[in-house]
Each structure stands twice: as C-alpha cells, then as structure tokens.
Amino acid sequence: MNHKEYNRPLEFDIEQVRKRNKMKDREEMKKYKQLYTDTMSDLNDYKSLYVRQRSEMENYSKYKEREIENIRKNASSDLIKELLPVLDTLDAGITHDPKLEPVRSQLLKVLQSHGLQVLEVKGTKYDPNLEEAVGVLDQGEDGTVLEEVQKGYTLNGDVLRTSKVIVSKR
C-alpha cells in the first residue's frame with residue numbers, strides 16, 4: 001500500500017502499526033506453537049519412560065517374589081539332606097525290627113509335607129537323571145531297573161539324591 005492511497009497520514013500509520021502487530025502476533029504464535037510441540041514431545045518421552053520404568057519395576061517385583069518363593073521352598077533342603085541317612089537307617093532297621101515302621105512313616109510324612117518325594121524306580125526304565133547304576137545283571141528286559149540298593153528322593157520336583165540301582169543289560 002502506498003502512502004498516497006490513504007486520505008490521511010494517520011490512517012497510514014495506523015495501518016502500519018496493525019501490520020507490525022500482525023507480524024509480531026504471527027511470530028509469537030509460531031514461537032508458542034513450537035513451544036507447544038516441544039512440550040508435547042517431552043511429555044510423550046516422559047510418559048514412555050514412565051511406562052518402561054513401571055514395567056521394569058513390576059518385572060523386578062515378580063522376579064523377587066519368585067526368588068523368595070524358591071528360597072522358601074528350598075530352605076529346608078540342607079536339613080532334609082542331613083535327615084536322609086536317618087531314613088536309610090530306618091529302612092535298614094525295619095528289616096530286623098518291623099516296629100520301626102511307624103517311626104519311619106511319621107518322619108517320611110513330615111518330610112513329604114515339606115516337598116520330599118520318594119523315587120519309585122524298581123521295574124521302570126533306567127533314567128540316568130533319576131538313578132545311578134551301581135550294578136548290571138543279565139536278567140529281564142534290557143535297561144530295566146531290577147533292584148534298588150538305595151532310595152532316591154526329589155524335593156519340590158528337583159532331584160535331591162539319585163537312586164542307586166542295579167540294571168538289566170543284555
């Protein structure tokens with residue numbers, strides 16, 4: 001616009017001020033839009049970080065709970081291992097004095113309440129994960145456990161002691 005188009009110089013000045021103000025407003029609006037975009041980006045970054053950290057904390061909490069549960073399940077492991085020779089002695093003693101059977105049953109029941117299980121392997125297929133072959137005989141079906149020399153036990157599903165067995169081999 002030209003100065004001559006205006007009837008009065010004051011109108012020209014007013015129009016110039018308006019244009020400057022509009023440009024200022026546009027620049028300021030642009031600045032605020034950029035600030036808004038940056039802020040939203042930061043907010044999304046923090047939100048993502050929060051979600052990841054919360055997930056990590058939940059996973060850590062679950063891991064610790066499993067670890068504590070394992071410790072509880074296996075806390076008595078050492079004590080039970082020390083009691084296994086007592087069970088072996090009772091097993092041997094029962095052959096001489098059957099009156100020991102109630103004592104053995106009671107002890108075994110207490111140990112079973114803590115997760116101990118007796119491996120029943122006689123007549124089954126030989127499994128090196130559960131049994132240790134201490135002898136071999138030429139009788140019966142190949143790879144079958146013929147006789148159990150020493151009982152094996154599991155504690156909460158894990159092998160505590162393998163069974164000592166005699167296996168058939170042809």
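**View 1. Gly135 and its partner in strand β6.** Ile166 in β6 is the bridge partner of Gly135. The model shown here is predicted. The pairing around these residues joins β6 to strand β2, which covers residues 131-137. The two strands run in the parallel sense, and six bridges link them.

**View 2. Gln150 and its partner in strand β6.** Lys164 in β6 is the bridge partner of Gln150. Strand β3, made of residues 145-150, is joined to β6 by four bridges. Here the sense is antiparallel, whereas β2 and β6 pair in the parallel sense.

**View 3. Cover over strand β6.** Strand β6 spans residues 163-168 and is mostly covered. Five of its six residues are buried. Across the protein chain, 21% of the 170 residues count as buried.

**View 4. Order of the elements.** The protein chain holds three helices and six strands. Read from the N terminus, the order is α-α-α-β-β-β-β-β-β. The chain is more spread out than a compact globule, because its radius of gyration is 42 Å, well over the 15 Å that the globule rule gives for 170 residues. The C-alpha trace spans about 130 × 40 × 15 Å along its principal axes. Of the contacts with a separation of 6 or more, 56% are between residues 24 or more positions apart.

**View 5. Surface and charged side chains.** The protein chain has an accessible surface of about 13,300 Å². Carbon and sulfur atoms account for 54% of that surface. There are 30 positive and 31 negative side chains, and the centres of these two sets lie 11 Å apart.

Note on methods:
Residues numbered from 1 in each chain as written. Predicted model: local features only at pLDDT ≥ 70, side-chain atom pairs only at ≥ 80, totals over all residues. Heavy atoms only, no water. Rg over C-alpha atoms; globule rule 2.2 N^0.38 Å. Buried < 20%, exposed > 50% of the residue type's maximum accessible area, 1.4 Å probe, protein only. Contact = heavy atoms within 4.5 Å. Areas by Shrake-Rupley, 256 points an atom, 1.4 Å probe, with all protein chains shown as cover. Lys, Arg positive; Asp, Glu negative; His and termini not counted. Charge placed at Lys NZ, Arg CZ, Asp CG, Glu CD. Pairing = 2+ DSSP bridges.
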